[in-house]
Amino acid sequence: MPPAGSDTAGGLHVAIIMDGNGRWAQRRSLRRAAGHRAGVRAVRRVVESAPSMGIGALTLYAFSSDNWQRPKGEVQALMRLLREFIPSETRRSVRNGVRLRMIGRRDRLDPGLVRSIEKAEAATSGGRALDLRLAIDYSARDQILRAASALEAEGATRESFDRRLATAGGLGDGYRDVDFLIRTGGEQRLSDFLLWECAYAELYFTPVMWPDFTAADLETALAEFQRRQRRFGQVPESSAG
Ligand code: IPE
Ligand code: IPE
Ligand code: MG
């Protein structure tokens, strides 16, 4: 029996570290911001195709807490893109039955951006086709720390901690283990993304830069996921005994 939180009845939970925007741009002698803009188009492609590929929840790493340390101009460009993206994505999400939510810290974001996120969350709360989570000012270690410091001294279980973690991330009761983690851009690391939720995630690394990532690339990745045998620490039934 798979452990709690990995129930795939609502479709797979796929998480994507959308990496490689800057290098994509630099290879074309463009500014890094142009790579981020092209990255937004890749987000739209993936979000549109996910529901038909058996994905029920999709968590996208858009901005890490460590990304604040990038040059001011790049941070501003990223925040500007998010301010444009959230309202337009809200309209699209309502049309397509996508529930849009944000995970991460809100207290360091521009108040206008926070308002548009809150609006998006309210307007799309009835969406059932896809549970889309955007990670902004996100740090898994920070989220785990906040959940742990909210924990009572006694009576904690895996499940109660899962709930606290979801709450600390801003998801209320929406905790879900990650089934499949994709990272584009060629690096093979987690960069402080969903450390707890990925305990038994299948990992997939591709050299494709995020702005080049297409629905066909997502399909190729998912075909690889289907070939994996998940064991959750147990022995497969065929070799038991
Ligand atoms: C990922 O692309 C997007 C963000 C981190 C916001 P990068 O900007 O990290 O692109 P590379 O890794 O420098 O190519
Ligand atoms: C991770 O990518 C963050 C996002 C994709 C939003 P980074 O490019 O920031 O990660 P590192 O610095 O290569 O580990
Ligand atoms: Mg990067």
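Me: Ala, Val, Leu, Ile, Met, Phe, Trp, Tyr, Cys and Pro count as nonpolar, Asp, Glu, Lys and Arg as charged, and the others, Gly among them, as polar. How do the residues of the shell around ligand 1 divide?

Reply: They divide into three nonpolar, five polar and five charged. This is a predicted model, where local features need pLDDT of at least 70, side-chain atom pairs count only at pLDDT 80 or more, and totals for chains, interfaces and linings use all residues. Residues are numbered from 1 along each chain as its sequence is written, chains are lettered from A and ligands numbered from 1 in the order written, and side-chain values use heavy atoms, without hydrogens and water.

Me: Which residues come nearest to ligand 1?

Reply: Asp19, Gly22, Arg23, Arg32 and Arg70, out of 13 around ligand 1. A residue is near when one of its heavy atoms lies within 4 Å.

Me: What makes aspartate 19 a polar contact of ligand 1?

Reply: The cut-off is a pair of N or O atoms within 3.5 Å. A side-chain N or O atom of aspartate 19 is 2.8 Å from an oxygen atom of ligand 1, so the pair qualifies. Backbone atoms qualify too: glycine 22 at 2.9 Å and glycine 20 at 3.4 Å. The protein buries 88% of the 370 Å² that ligand 1 exposes when taken alone. Those areas are Shrake-Rupley values with a 1.4 Å probe.

Me: Which helix gives the most to the shell around ligand 1?

Reply: H1, with three residues. Helices H1 (21-27), H2 (32-49) and H3 (72-96) each supply at least two. A helix here is a DSSP run (H or I) of at least four residues, a strand (E) one of at least two.

Me: Where does ligand 2 sit?

Reply: In the largest pocket. Ligand 1 sits in the largest pocket as well. To sit there, a molecule needs more than half of its atoms within 2 Å of the grid points. A pocket is an open set on a 1 Å grid over the protein atoms alone, where a 1.4 Å probe fits, with protein on both sides within 12 Å along at least five of seven lines.

Me: Which side chains make polar contacts with ligand 2?

Reply: Among them are serine 191 at 2.7 Å from a ligand oxygen, arginine 70 at 3.2 Å and aspartate 19 at 3.2 Å.

Me: What makes up the shell around ligand 2?

Reply: Five nonpolar, two polar and four charged residues. Ile17, Tyr61, Phe63 and Arg183 are among them. Strand E2 (residues 55-64) gives the most, with three residues.

Notes
Polar contact = N/O pair within 3.5 Å; in protein donor to acceptor, adjacent residues only side chain to side chain. 1 Å grid on protein atoms, 1.4 Å probe; cavity = no way out; pocket = protein on both sides within 12 Å on 5 of 7 lines; lining within 4 Å.
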